[in-house]
Amino acid sequence: MQSTQLKVLAVSGNLRKSSLNRLFLESMKLLTPTGVKFVIYDKLDQLPFFNPDLENNPTVEVLNWRESLNQTNLVIFASPEYAYGITGVIKNALDWIVSSGELLGKPISLPNLSPRASIAHAQLSEILSVMGGDILEY
């Protein structure tokens with residue numbers, strides 16, 4: 001009998017390796033209980049700029065991003081606020097999956113690590129809701 005393992009995909013909206021969001025996700029990974037596979041997706045910098053002309057013929061990097069989302073049970077987006085908005089890498093990554101549907105009905109957690117960052121958090125929540133994600137309230 002095959003056991004079902006909970007798979008969590010964690011995404012930092014900051015590319016810096018020592019960012020607060022990345023360190024938070026690394027800490028969560030260390031605290032992951034047995035039976036949960038916790039993966040930090042660290043390839044957002046490899047996604048090309050979104051181009052609708054390439055949407056139906058995506059690059060390998062885009063296919064890997066989509067497949068990572070398809071293979072997970074829960075997605076965590078931990079992202080800072082830049083200039084009252086979401087980061088460019090998060091926006092670009094989401095643009096690649098707007099019409100492909102990887103987030104439809106998918107549980108999504110949005111930890112906000114900065115008490116001063118409320119605008120981007122609300123934006124990200126709205127964008128992910130429009131894309132069909134199931135935003136977890138806590």
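# Fold, aromatic pairs and buried residues

Q: How many helices and strands does the protein chain have, and what pattern do they follow?
A: In this predicted model, the secondary structure of the protein chain comes to 4 helices and 5 strands. Read along the sequence, these elements follow the pattern β-α-β-α-β-α-β-α-β.

Q: What is the radius of gyration of the protein chain, and what would a compact globule have?
A: The C-alpha atoms fill a box of roughly 45 × 40 × 25 Å along the principal axes. For 138 residues, a compact globule would have a radius of gyration near 14 Å, and the value for the protein chain agrees with this: 15 Å.

Q: What share of the contacts with a separation of 6 or more joins residues 24 or more positions apart?
A: Contact here means heavy atoms within 4.5 Å. Among contacts in the protein chain with a separation of 6 or more, the share from residues 24 or more positions apart is 78%.

Q: How far apart are the centres of the positive and negative side chains?
A: The protein chain has 11 positive and 13 negative side chains. The centres of these two sets are separated by 8 Å.

Q: Is the pair of tyrosine 41 and tryptophan 65 stacked, tilted or edge-to-face?
A: A search of the whole structure finds 2 aromatic pairs. In the pair of tyrosine 41 and tryptophan 65, the ring centres are 4.9 Å apart and the planes stand at 55 degrees. Planes under 30 degrees apart count as stacked and those over 60 as edge-to-face, so this pair is tilted.

Q: Which elements does the pair of tyrosine 41 and tryptophan 65 link?
A: Both tyrosine 41 and tryptophan 65 are buried. The two residues are 24 residues apart, and the pair links distant parts of the chain: strand S2 (residues 36-41) and helix H2 (residues 60-70).

Q: Which parts of the chain does the pair of phenylalanine 50 and tryptophan 96 tie together?
A: The ring centres of phenylalanine 50 and tryptophan 96 lie 5.0 Å apart with planes at 80 degrees, so the pair is edge-to-face. The two residues are 46 residues apart in sequence, and each sits in a loop. Phenylalanine 50 is in the loop between S2 and H2, and tryptophan 96 is in the loop between helix H3 (88-95) and strand S4 (107-109).

Q: Is phenylalanine 50 buried or partly exposed?
A: Buried means under 20% relative accessible area. Tryptophan 96, at 0%, is buried. Phenylalanine 50 has 26% relative accessibility and therefore counts as partly exposed.

Q: Which residues is serine 19 in contact with, leaving aside neighbours within four places in sequence?
A: Serine 19 lies in the loop between strand S1 (6-12) and helix H1 (20-30), and is buried with a relative accessible area of 1%. Its C-alpha atom is separated by 13 Å from that of threonine 87, 68 residues apart along the chain. Leaving aside neighbours within four places, the contacts of serine 19 are Ser12 and Asn14.

Q: Which residues does arginine 22 touch, not counting those up to four places away in sequence?
A: Arginine 22 is in helix H1 and counts as buried, at 12% relative accessibility. Beyond four places in sequence, arginine 22 touches Ser12, Arg16, Lys17, Ile40 and Asp42.

Q: What covers the buried residues of H3?
A: The buried residues in H3 include Ile90, Asn92, Ala93, Leu94 and Asp95. Their cover includes S1, H2, strand S3 (74-78) and helix H4 (119-130).

Terms used
Residues are numbered from 1 along each chain as its sequence is written. This is a predicted model: local features need pLDDT of at least 70, side-chain atom pairs count only at pLDDT 80 or more; totals for chains, interfaces and linings use all residues. Side-chain values use heavy atoms; hydrogens and water are left out. The radius of gyration is taken over C-alpha atoms; the globule rule is 2.2 Å times the number of residues to the power 0.38. Lys and Arg count as positive and Asp and Glu as negative; His and the chain ends are not counted. The place of a charge is taken as NZ of Lys, CZ of Arg, CG of Asp or CD of Glu. Rings of Phe, Tyr and Trp (its six-membered ring) pair if their centres lie within 6.5 Å; planes under 30 degrees apart count as stacked, over 60 as edge-to-face and the rest as tilted. Buried means under 20% relative accessible area, exposed over 50%, partly exposed in between (1.4 Å probe, protein chains only).
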